Amino acid sequence: MIRLAATVAPVALLAACGSQPQDVRQTGPDPQLPAQQQSLVPSMKIASPVAWGDAKPTVPAGYSIVALATDLKVPRQMLVLPNGDLLVAEGKGGGDAPAMRPKDVIAGYIQGLGTTKVKGGNRITLLRDADGDGRPELRTTFIDKLDAPYGMAMIGNELYVAEQGALKRFTYTPGATSIATPGWEVTRLPSRINHHWTKSLVASADGSKLYVGIGSNSNVGERGLEVEQDRAVVWEIDPATGAHRAIATGIRNPTALAIEPTTNALWSVVNERDELGPRLVPDYLTQVRDGAFYGWPYSYWGRNVDARAHPQRPDLVAKAVAPDYALGSHVAALGLSFVSSGGWDGPFGEGAFVGEHGSWNRKDLAGYKVAWVPFSGGRPAGQPRDVVTGFIGPDGKARGRPVGVLYDAPRRALFVADDLSNTVWRVTPTATTVAAARSARPGG
């Protein structure tokens, strides 16, 4: 057994041994990639948790934020039903990936300091806020006894839920506040070891296909490539038969999937590899292209070779596709949602919200916010903008950590799942902001 006390002491010393440049630009389509930096133990720092108290996240002027629900059990991803009810998947999976090196024990300990102590709910909760005042009239357990649910999608009256080991289907009756009947298993999902247990999910624009994101079982293949079978991929699944194929490979951990509304193209946010330094490798937002190989574990950001991967595969590196848009190194993007129907107008009229859970393996904290990536014509266009911040307080401690984000077009609301304080936040424009936006439209 590896003893933690014997390994923690060197962390501060090793973290201080060299550093990558602080002023690199790592957001947008062409991020700066400094030289690789490896050490026995990488730099590690995580913000200690503390309660929100009377505080709450910060939003731009002209917008307001309220806690729609508290005391949840590790909220992750969300889905709005046709009648406006909000579903929240609650759960925590994995746990069967044994530590292989002393640094794995240290990293697990450090990461654990920044997570909730609440046990995952293994359920989906329904929130009904019919009058839109941010205070739900109803809160019920919609589906119980699930196995670490994460992604959700609707096709017609069928609700699909991606657990850590299976994709299930439940028949939904419009207006129902719970489903008691067992779900039907559409297909098994890879769950061996489950180093990355989260299974993201979205339906195609026409409802003919489902897409599931399946993360890797390691950082860079150190557990052997046998356990990476059907990992670091995005599956396309026939919802009627469960037949599936990998449409994208080498995509290390596709934590959230979404359909861009002007082109109906599939996009994902992806968590990249660690232990190459605090400025490598940038997590990213990318269109998921059919047949594309995104490099993992052999290369990153296209054809930048990672010498740690064994055996080396120059043939695959030569085919590697560079992602579309960098979000910054180690921001841990876990949420993605595009706006539609004009969004919030103004600077938030076309683009995507990204939930950034926050770093643990760099001395200067990164992420811990919801960012906005502007789009034009279905493509990223410009630098990101902070939208929901304040998750790190003035004392340097974490009040919350964003996971799933969801834009609800009919109600012009952005929902943010916070799995540290176990809260779902609701952000909306004020009445004055809405009126100003409407008057600015042609003919308004």
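Predicted model: local features only at pLDDT ≥ 70, side-chain atom pairs only at ≥ 80, totals over all residues.
Colleague: Which strands stand at the edges of the open sheet of 5 strands?

Modeller: The strands of this open sheet follow the order E10-E11-E12-E13-E17, and their pairing is mixed. Two of the strands have a single partner strand each, so one side of each is left without a neighbour in the sheet, and these edge strands are E10 (199–203) and E17 (292–293).

Colleague: Which residue in E11 does Leu201 stand opposite?

Modeller: Strand E10 is joined by 5 bridges to strand E11, which covers residues 210–214, and the two run antiparallel. Within E11, the residue that stands opposite Leu201 is Val212.

Colleague: Is Val212 buried or exposed?

Modeller: Leaving aside neighbours within four places in sequence, Val212 is in contact with several residues, among them Leu189, Leu201, Val234, Trp235 and Leu257. The relative accessible area of Val212 is 0%, and because buried means under 20%, Val212 counts as buried.

Colleague: Which element gives the most residues to the lining of the second largest pocket?

Modeller: This pocket has a volume of about 910 Å³, and 34 residues line it, with Leu79, Val202, Ile259, Ser337 and Leu406 lying nearest its centre. The elements that give two or more residues to the lining include strand E2 (75–80), E10 and strand E14 (254–260). The one that gives the most, with 5 residues, is E14.

Notes: Residues numbered from 1 in each chain as written. Heavy atoms only, no water. Pairing = 2+ DSSP bridges. Helix = DSSP H or I, 4+ residues; strand = E, 2+ residues; numbered from the N terminus. Buried < 20%, exposed > 50% of the residue type's maximum accessible area, 1.4 Å probe, protein only. Contact = heavy atoms within 4.5 Å. 1 Å grid on protein atoms, 1.4 Å probe; cavity = no way out; pocket = protein on both sides within 12 Å on 5 of 7 lines; lining within 4 Å. Points joined across faces, edges and corners; volume = space filled by probe spheres on them.
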